[in-house]
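Keep the viewer open as you read.

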Amino acid sequence: SDVLKLDLPFFNLCVANIPYQISSPLVFKLLAHKPRFRCAVLMVQREFALRLCAKAGDELYCRLSVNTQLLSKVDHLMKVSKNSFRPPPKVDSSVVRLEPMHPPPPVNFIEWDGLVRLCFNRKNKTLSAIFRQKPVLQLMSDNLKTHLAMAGGMNDNPAEEAMPEVPDVKEIVNSVLEDSGYGEQRSTKLELDDFMALLAKFNERGLHFSG
């Protein structure tokens, strides 16, 4: 059976050598599982393992690192050489341990991932450069309109011509980045607490992110 399509039963411990091509979706399927398990010990491709464990400033630090470490404590346990297998695969492996956070972090993961995805799309650019891009500003403007409509703050009745003025998203974004001090920072240097603070600042000003 395809484990990604299965409804997993209750479990407290998971030990697995997983197919490398499904490593990312399986990790997040496990971390989304309820009730939360105690621990998972997985053998994965070594580069994937290093990305899971990477810290801010590391070359391999990425969206995968940030999202996994938001939801769990990640430890690299051991390297497994490709020469340990017959026939040997093309890459080395590693064993990692995931321990879900108890309780889970108080954050909307869909919004969190929406922010982190934008930040790491151009991870070597400053946040100001990323959020000045027209497609990003348009996306955030669309999200704002949707949020206001759902909250009853906009008239979405096509029979009514008058529409409340939508705030200037570019102005809000510039203000958030300047006031928070993150404008000249790069995603690869930001810790989890920095992303959490940045998301909170955007939300305070009415800006939200989608998955």
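How far does helix 4 reach from its first C-alpha to its last? Helix 4 covers residues 109–121, 13 residues in total, and reaches 18 Å, close to the 18 Å expected at 1.5 Å a residue (that is, 1.5 Å times one less than the number of residues). Helices here are DSSP runs of H or I with at least four residues, numbered from the N terminus.

## Ground rules

This is a predicted model, where local features need pLDDT of at least 70, side-chain atom pairs count only at pLDDT 80 or more, and totals for chains, interfaces and linings use all residues. Residues are numbered from 1 along each chain as its sequence is written, and side-chain values use heavy atoms, with hydrogens and water left out.

## Around helix 4

At its start, a side-chain oxygen of N108 comes within 2.9 Å of the backbone nitrogen of I110.

Buried residues of helix 4 include W112, L115, L118 and F120 (buried means under 20% relative accessible area, with a 1.4 Å probe and protein chains only). Their cover includes helix 3 (63–71), helix 5 (127–131), helix 6 (134–150) and helix 8 (192–204).

T126 sits in the loop between helix 4 and helix 5. With a relative accessible area of 12%, T126 counts as buried. Setting aside neighbours within four places in sequence, T126 is in contact (heavy atoms within 4.5 Å) with G183, E184, Q185 and R186.

Key:
Helices (H or I, at least four residues) and strands (E, at least two) are DSSP runs, numbered from the N terminus. Buried means under 20% relative accessible area, exposed over 50%, partly exposed in between (1.4 Å probe, protein chains only). A polar contact is a pair of N or O atoms within 3.5 Å; within protein, one must be able to donate a hydrogen and the other to accept it, and residues adjacent in sequence count only if both atoms are side-chain atoms.
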